[in-house]
Amino acid sequence: MSLPILHTRTPRPRVPEAQLGFGQVFTDHMLLMDYTTQAGWHQARIEPYGPFALEPSTIVFHYGQAIFDGLKAFRTPADAVVLFRPQRHLRRLNASAARLCIPPLDEAFTLAALQELVRLDADWVPRTPGCSLYIRPTLIATDPALGVHPSRTYRFFVIMSPVGAYYPEGFKPVKILVEDRYVRAVSGGLGAAKTPANYAASLLAAEEAQAQGFSQVLWLDGIAHRYIEEVGSMNIFFVIDEELVTPPLEGSILDGVTRDSVLALAQSWGIRVAERRIGIDDILAAHGAGNLTEVFGTGTAAVISPVCELFYKGQTIVINDRKVGPWTQRIYDTLTAIQWGTTPDPFGWMVAV
Ligand SMILES: *Cc1c(COP(=O)(O)O)cnc(C)c1O
């Protein structure tokens with residue numbers, strides 16, 4: 001690929017890997033591409049990371065026509081840099097684009113351009129165990145006009161951020177509030193797209209939950225306020241009666257790449273898995289009968305996030321004595337070992353840059 005590259009002359013400040021948080025530090029370069037109706041997607045290029053100017057009338061500021069995705073690059077023990085399931089992330093980016101009336105990207109070309117960017121900034125991929133490079137492809141509508149309509153021009157950009165170990169001191173199980181007032185998405189809405197609007201819809205509930213000592217909320221469906229959907233930026237899994245259960249993809253939740261990977265792993269081990277509707281009443285009943293043994297969230301940032309407590313309408317459900325369960329641990333250990341290249345990857349998930 002011959003992508004024009006404008007190399008930086010002022011390398012960006014580094015932070016010791018032990019002090020990296022999430023999404024605070026950005027690498028030297030970014031990938032850009034523009035769209036017009038006449039030229040389609042064009043002018044793919046790499047430039048120094050930095051601000052770009054947009055008119056105040058730019059449509060994305062007013063009507064939120066934007067999408068994003070999030071994936072990671074890892075450094076293997078052999079010092080190779082690998083991406084986790086980038087094709088699937090780009091396919092999802094295009095699925096989100098379709099829902100928001102955004103013209104699709106050429107996935108093969110975009111992957112090649114992304115690999116070029118990661119190769120250029122490869123030295124930013126952390127070496128400390130548990131750290132990785134988070135990659136944020138984003139696509140925004142850029143028409144400078146206030147009429148409500150799909151934009152005729154767009155900008156695609158990819159920025160990258162070295163991120164610290166999510167669990168520097170080992171797993172930290174989280175307490176989650178089952179949200180029974182606010183809703184995140186409804187069937188027919190934007191729930192299955194990775195779009196800023198869903199995050200805007202979630203902020204108030206998350207703030208109120210955090211003020212009460214919970215780290216996130218578990219969303220219920222927007223109609224019956226009964227069926228489990230997902231957590232803020234994670235899909236959710238339950239171990240009930242020795243079966244791994246997660247809600248189905250019915251249009252209101254995100255098709256998580258980690259979710260899909262967990263299902264594939266569990267199936268390969270011969271574990272019983274099911275994608276089916278689960279009512280919060282089913283969870284209470286399973287817990288009452290002693291059959292709810294593990295709960296965890298899945299997402300690119302944390303990979304696996306064990307849940308030790310669910311709080312619903314005044315009732316606290318303690319999971320597995322607040323300890324991390326064996327399935328949660330095994331899935332986390334295996335998935336992260338595949339990602340960091342310390343165990344073979346039978347699924348072909350890892351892609352070299
Ligand atoms: C990104 C995201 C997830 C997790 O998806 P992954 O592909 O596993 O990172 C789950 N739910 C929502 C709402 C998200 O935005």
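This briefing describes selected strands and helix contacts of the structure above. The model is predicted. Two helix pairs follow, α5 with α7 and α2 with α3.

**Strand β11: burial**

- Strand β11 covers residues 235-240, and six of its six residues are buried, so the strand is largely enclosed by the rest of the structure.
- In a regular strand, side chains alternate between the two faces of the sheet.
- Asn-235, Phe-237 and Val-239 point to one side of β11, while Ile-236, Phe-238 and Ile-240 point to the other.
- The residues on both sides of β11 are buried.

- Val-245 in β12 is the bridge partner of Phe-238.
- A hairpin is formed by β11 and β12, with two residues between the strands.
- Asp-241, in the turn of that hairpin, has a positive phi of about 55°.

**Thr-246 in strand β12**

- Thr-246 belongs to strand β12.
- With a relative accessible area of 1%, Thr-246 falls under the 20% cut-off and is therefore buried.

**Strand β6**

- Strand β6 spans residues 132-141 and is mostly covered, with nine of its ten residues buried.
- Strand β3, residues 66-68, pairs with β6 in the antiparallel sense over three bridges.
- Thr-138 of β6 stands opposite Phe-68 in that region.
- Strand β4, residues 71-75, pairs antiparallel with β6, and three bridges link them.
- Leu-133 in β6 is the bridge partner of Ala-73.
- Arg-155 in β7 is the bridge partner of Ile-140.

**Helices α5 and α7**

- Helix α5 (residues 257-268) and helix α7 (residues 326-339) have axes that come within 11 Å and cross at roughly 110°.
- Because the angle lies in the range of 65 to 115 degrees, α5 is roughly perpendicular to α7.
- The two helices, α5 and α7, cross in a right-handed way.
- On the α5 side the contact involves Thr-258, Ser-261, Val-262 and Leu-265, which meet Ile-331, Thr-334, Leu-335 and Ile-338 of α7.
- This contact of α5 with α7 has five nonpolar residues, three polar residues and no charged ones.

**Helices α2 and α3**

- The axes of helix α2 (residues 86-99) and helix α3 (residues 107-120) come within 10 Å, crossing at roughly 125°.
- At that angle, α2 is oblique to α3.
- The crossing of α2 with α3 is right-handed.
- Pro-86, Gln-87, Leu-90, Arg-91 and Asn-94 supply the α2 side of the contact, and Glu-107, Thr-110 and Leu-111 supply the α3 side.
- By class, the contact of α2 with α3 comprises three nonpolar, three polar and two charged residues.

Technical notes
Residues are numbered from 1 along each chain as its sequence is written. This is a predicted model: local features need pLDDT of at least 70, side-chain atom pairs count only at pLDDT 80 or more; totals for chains, interfaces and linings use all residues. Side-chain values use heavy atoms; hydrogens and water are left out. Axes are lines fitted to C-alpha atoms, for helices over the stretch in contact, and angles run from 0 to 180 degrees between N-to-C directions. Helices (H or I, at least four residues) and strands (E, at least two) are DSSP runs, numbered from the N terminus. Angles under 35 degrees count as roughly parallel, over 145 as roughly antiparallel, 65 to 115 as roughly perpendicular and the rest as oblique. A crossing is left-handed if the near helix is turned anticlockwise from the far one by less than a right angle, and right-handed if clockwise. Contact means heavy atoms within 4.5 Å. Ala, Val, Leu, Ile, Met, Phe, Trp, Tyr, Cys and Pro count as nonpolar, Asp, Glu, Lys and Arg as charged, and the others, Gly among them, as polar. Buried means under 20% relative accessible area, exposed over 50%, partly exposed in between (1.4 Å probe, protein chains only). Two strands pair if DSSP finds at least two bridges between them.
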